Amino acid sequence: MHIKRRREWDLPESAATPEAVVLNRRATLAGLGAASLGFGAIGTARAQTPMAVTIEDGGYSAAARRFDPGRPLTPQKNAERYNNFYEFGLSKDIWRAAQNLPVEPWTIRIDGLVEKPFTISFDDLMKKVKVETRIYRHRCVEAWAITVPWEGFAVSDLVKLARPLSAAKYLRYTSLADARAMPGLAIPFFPWPYHEGMTMAEATNELAFVGTGMYHQPMPKQDGAPIRMVLPWKYGFKSAKSIVRIEFVKDQPETFWEKTSPDMYGFWANVNPKYPTLRWSQARERLIGTDETVPTVIYNGYGKWVASLYAGMKQNKKLFM
Ligand code: MTE
């Protein structure tokens, strides 16, 4: 059962409940024997109602919640069975086909403007980074959204490992393209392999995350095993899956979606309810699992962390700057 409540994200930032307060309330309720209550309903009159969001919401540390998602988690099954991974086809129901993704061995090439280009195996990379859990909202440009506990590490850890030269201003990251496993590569109008980009300032922002798992498990193949980007303030298409190469470059790289549909999808692609996509509004979003629709928030609600990156930049209609 889904509990409707007024969300922090629907309020101006100044009116949101600080997490410490919410956590204290939660501890108090737990002390009252109400530990089975979902985090999402704490502090509302309906908190007494028994509900089924408990397991999905429970058991995550304050650290995992420090980017307060303000929403119940999407049930795991819903999040993992509704995907975009065009290498496996255009439908949302590609999770079975994606089981053909070859993930072992997996290597990632780090090159371009770095001190010394190198190739590292996924296993070796995992020994060099600090893995943590972070609960983030994820907003697709198609106006659906999920809230997911990701496992992974900060993109800034990867930047440190790569040792970029000062001339490097952008990262260009590329997904695997393996025609034997990926029938979608036969779709002619896409400029495969899937590739996206971000600025160094975005990559080193605290929020930028590399996902290696979700719901306490290794990344499912359909969600971009073994390693993908997770950039929660941008539309989901910036979060490329199954990454095999990260290149440091001087100039803003042209991206997969800019090449595919330049009048629809821009480089920045920051979530912005004010600017509709050519054919549909971005004002609201549908929550996968409940189908409830809720208002979309600028930067997907993460303005506190990222708005300064874009200070002084002019917004335009191409998906926000
Ligand atoms: N990465 C690759 N390689 N191929 C894709 O088709 N789709 C993007 C992004 N990353 C995509 C991709 C889009 S449009 C979205 S919304 C998210 O992946 C979806 O992530 P999810 O299926 O894990 O929810």
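Ala 143 lies in the loop between strand E3 (132-139) and strand E4 (144-154); helices (H or I, at least four residues) and strands (E, at least two) are DSSP runs, numbered from the N terminus. Phi of Ala 143 is near 75°, a positive value in a residue other than glycine. Most residues other than glycine have a negative phi, and most peptide bonds are trans.

The model is a predicted one, in which local features need pLDDT of at least 70 and side-chain atom pairs count only at pLDDT 80 or more, while totals for chains, interfaces and linings use all residues. Residues are numbered from 1 along each chain as its sequence is written, and side-chain values use heavy atoms, with hydrogens and water left out. The mean pLDDT (the predictor's confidence in each residue, from 0 to 100) of the protein is 84, and 80% of its residues reach 70 or more. Over residues 1-56 the pLDDT is below 50, and this stretch has 81 contacts in the model beyond near neighbours in sequence, a contact meaning heavy atoms within 4.5 Å.

Two cis peptide bonds are described here. One joins Glu 104 and Pro 105, with omega about -5°; Pro 105 is placed in the loop between helix H3 (76-80) and E1. Another joins Ala 225 and Pro 226, with omega about -10°, and Pro 226 lies in the loop between strand E8 (217-218) and strand E9 (228-230).

Strand E1 (residues 107-112) pairs with strand E2 (residues 118-121) in the antiparallel sense over four bridges; pairing requires that DSSP finds at least two bridges between two strands. A hairpin of five residues joins E1 to E2, and Ile 110 stands opposite Phe 118 in E2.

Asp 157 is placed in helix H5 (residues 155-162). With residues up to four places away in sequence not counted, Asp 157 touches Val 129 and Lys 130. The C-alpha atoms of Asp 157 and Val 129 are separated by 6.5 Å, although the two residues are 28 residues apart along the chain.

Around the ligand there are 18 residues, of which Tyr 86, Glu 87, Asp 223, Arg 228 and Lys 241 come nearest; a residue is near a molecule if one of its heavy atoms lies within 4 Å of it. By class, this shell has eight nonpolar, six polar and four charged residues (Ala, Val, Leu, Ile, Met, Phe, Trp, Tyr, Cys and Pro count as nonpolar, Asp, Glu, Lys and Arg as charged, and the others, Gly among them, as polar).

Polar contacts are pairs of N or O atoms within 3.5 Å; within protein, one must be able to donate a hydrogen and the other to accept it, and residues adjacent in sequence count only if both atoms are side-chain atoms. An N or O atom in the side chain of Arg 228 is 2.7 Å from an oxygen atom of the ligand. A polar backbone atom of Asn 84 is 3.3 Å from an oxygen atom of the ligand, and a nitrogen atom of the ligand lies 2.9 Å from a backbone N or O atom of Ser 239. The protein covers 99% of the 530 Å² of accessible area that the ligand has on its own (Shrake-Rupley method with a 1.4 Å probe; for residues, only the protein chains shown count as cover).
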